[in-house]
Amino acid sequence: TGNALVGAVSLATGTGNATIDNGTTVLDFGTVTVGGNLDAQSDDNIKDTGIIMVTGTARFAADSTANKTIFLGSQNVITGAVTLLTSGTGGDVIFDNGSTDLSLGTITVGGDLTLETDATAAQALSSITINGALSINVGGALTMANATIFDAGSGTISVTSNGDMTL
């Protein structure tokens, strides 16, 4: 079921976790500071108009309804593993972790996936599965190890790193 919050949603938890299900309404994050883990779900699009800061892991899921997008491009600051889930060929994802190292959890994207960080990026012990194009841009080293599976379906894979690259 979930909520139907309209407009930018701001959260502050101190050291606690936050879970939000916005039902069938677009989930627009304003300023978010979560000291634990963040679990965000919407049957519509997920976006940010403010910076999302999470000390733990973050899960963003817009996969219950096909072709919904996740656009989190506000130079976010998430220090734990990031999980991104969409479905349908229009279910694109753009995620920017600013100057914070990017640690990837499970990534399942129905459309195109763009990941950006000015720092380093690492992914281990899970998979990146997309049906569109994959673009990873990192300012530091890039490590994709421990059985990382790249499956870009019919799309292309583009990986750019200003540091060492281990695939």
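**Figure 1. Phe 60 and Phe 95 are both buried.** Buried here means under 20% relative accessible area, exposed means over 50%, and partly exposed lies in between, for a 1.4 Å probe and protein chains only. The model is predicted, so local features need pLDDT of at least 70 and side-chain atom pairs count only at pLDDT 80 or more, while totals for chains, interfaces and linings use all residues. Residues are numbered from 1 along each chain as its sequence is written, and side-chain values use heavy atoms, with hydrogens and water left out.

**Figure 2. Two aromatic pairs are found in a search of the whole structure.** One of them joins Phe 29 and Phe 60, edge-to-face, at 6.1 Å centre to centre and with 85° between the planes. Phe 29 belongs to strand 3 and Phe 60 to strand 7 (residues 58-62), so this pair ties together parts that are 31 residues apart in sequence. Rings of Phe, Tyr and Trp (its six-membered ring) pair if their centres lie within 6.5 Å; planes under 30 degrees apart count as stacked, over 60 as edge-to-face and the rest as tilted. Strands (E, at least two residues) and helices (H or I, at least four residues) are DSSP runs, numbered from the N terminus. Phe 29 counts as buried because its relative accessibility is 0%. Phe 60 also has 0% relative accessibility and therefore counts as buried.

**Figure 3. Phe 60 and Phe 95 form a tilted pair, because their planes stand at 40° with the ring centres 6.5 Å apart.** The pair links distant parts of the chain, with Phe 60 in strand 7 and Phe 95 in strand 11 (residues 93-96), 35 residues apart. Phe 29, Phe 60 and Phe 95 are linked into a cluster by ring pairs.

**Figure 4. Asn 22 sits in the loop between strand 2 (18-21) and strand 3 (27-34).** Its relative accessible area is 0%, so Asn 22 is buried. A polar atom of the Asn 22 side chain lies 2.9 Å from the backbone nitrogen of Leu 5. Leaving aside residues up to four places away in sequence, Asn 22 touches Asn 3, Ala 4, Leu 5, Leu 27, Gln 41 and Ser 42; contact means heavy atoms within 4.5 Å.

**Figure 5. Val 6 lies in the segment before strand 1 (8-12).** With a relative accessibility of 76%, Val 6 counts as exposed. Val 6 and Leu 27 are 21 residues apart in sequence, and their C-alpha atoms are 7.6 Å apart in space.

Definitions and conventions:
A polar contact is a pair of N or O atoms within 3.5 Å; within protein, one must be able to donate a hydrogen and the other to accept it, and residues adjacent in sequence count only if both atoms are side-chain atoms.
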